[in-house]
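Grab a pencil and keep the 3D view open while you work. The exercises below each come with a solution that goes step by step.

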Amino acid sequence: MVNILISGAKGRMGKKVYDAAALNENISVVCGVDIVEDLSSKDYPVYNGFSKVKEKVDVVIDFSSPANLDNVLKFCLENSIPAVLCATGYTEEQVALVKDASTKIAVFRSGNMSLGVNVLIDLVKKAAAALDGFDVEIIEKHHNQKVDAPSGTALMLADGVKEISPQKYYTYGREGICGKRDKNEIGIHAVRGGGIVGEHEVIFASGFETVTLSHLATDRSVFADGALKAAIYLKDKKVGLFNMSDVINNK
């Protein structure tokens, strides 16, 4: 049994994680942390600060926001507890903090917790290697409440292409007379509207043919399921930085 603390427990994804955990016999949600405290809930206590946590916690799953990273890492470092970091929009300085923390505790970080998206990244790398010389464009679509752009997933996909072709660079949208497209551009475009859960499309285009790889999330439960798989994977890890590829290859 893995005892989970949900950071961002009262948020949309926090609730999804709890619902998914209720269906998983290997998971027990013992408490949560959120700005809004709720100690009267029949499901599990939610504290408004990590200092109030008294339950035995095996892994923290954080679906809150980048602004909460310091609090999450401080709690996990002080108590030697692994952390599954699911927020997107970290600054370079915060990424450095995560890497430093991973030398002392086990940390799992991914811009997208969906198994399908992470399989897509592997396919994109294979396509980038096979379709050398093709133009690459990435289109991501999300709901109108998402605050960061481009999405962490779009950047993961772009990073996958750049891993194969290091000379390529990112162009974020286009406007006005911006000149002809450079062959080394990776165009990244963000769409925000309605309740779109998450759509990602990677286009490889030459003068004669187009190959499109895509992923569509229809329910946020896929991210919750991925986070729980990550937590189970991380429970017995003492130190290191892990991602969804580790979970997929561990099967």
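Let's settle two words before we start: on a 1 Å grid over the protein atoms alone, a cavity is a set of points where a 1.4 Å probe fits but cannot get out, while a pocket is an open set with protein on both sides within 12 Å along at least five of seven lines, and lining residues have an atom within 4 Å of a point. Volumes are the space filled by probe spheres set on the points, with grid points joined across faces, edges and corners.

This is a predicted model, where local features need pLDDT of at least 70, side-chain atom pairs count only at pLDDT 80 or more, and totals for chains, interfaces and linings use all residues. Residues are numbered from 1 along each chain as its sequence is written, and side-chain values use heavy atoms, with hydrogens and water left out.

**Exercise 1. Find out which element has the lowest mean pLDDT and which has the highest.**

Step 1: pLDDT is the predictor's confidence in each residue, from 0 to 100. The protein's mean is 94, and 100% of its residues reach 70 or more.

Step 2: Elements here are DSSP runs numbered from the N terminus: helices (H or I, at least four residues) and strands (E, at least two).

**Exercise 2. Describe the second largest pocket: which residues lie nearest its centre, and which element gives the most to its lining?**

Step 1: Start with the space, about 810 Å³. The lining has 29 residues, and nearest the centre lie Arg 109, Gly 111, Gly 152, Met 156 and Asp 159.

Step 2: Now list the elements that give two or more residues: helix H3 (92-101), H4, H5, strand E12 (240-242) and H7. H5 gives the most, with six residues.

Step 3: Sort the lining by class (Ala, Val, Leu, Ile, Met, Phe, Trp, Tyr, Cys and Pro are nonpolar; Asp, Glu, Lys and Arg are charged; the others, Gly among them, are polar). You get twelve nonpolar, ten polar and seven charged residues.

**Exercise 3. Check the length of helix H5 and work out what its buried residues pack against.**

Step 1: The expected span is 1.5 Å times one less than the number of residues. H5 (residues 152-164) has 13 residues, so it should span 18 Å, and its end C-alpha atoms are 19 Å apart, which agrees.

Step 2: Buried means under 20% relative accessible area, exposed over 50%, and partly exposed in between (1.4 Å probe, protein chains only). In H5, the buried residues include Gly 152, Met 156 and Val 161.

Step 3: With contact meaning heavy atoms within 4.5 Å, the buried residues of H5 pack against helix H4 (115-130) and strands E7 (135-142), E8 (169-172), E9 (185-192) and E10 (198-205).

**Exercise 4. Is Phe 75 buried or exposed, and what does it contact?**

Step 1: Phe 75 sits in helix H2 (residues 69-79). Its relative accessibility is 9%, so Phe 75 counts as buried.

Step 2: Skip the neighbours within four places in sequence, and Phe 75 is in contact with Leu 5, Phe 50, Val 53, Val 60 and Ile 81.

**Exercise 5. Look at the backbone of Ser 80 and at the peptide bond between Ala 149 and Pro 150.**

Step 1: Recall that most residues other than glycine have a negative phi, and most peptide bonds are trans.

Step 2: Ser 80 lies in the loop between H2 and strand E5 (83-85). Its phi is near 55°, a positive value in a residue other than glycine. Ser 80 counts as exposed because its relative accessibility is 60%.

Step 3: Ala 149 and Pro 150 are joined by a cis peptide bond, with omega about -5°. Pro 150 is in the loop between E7 and H5.
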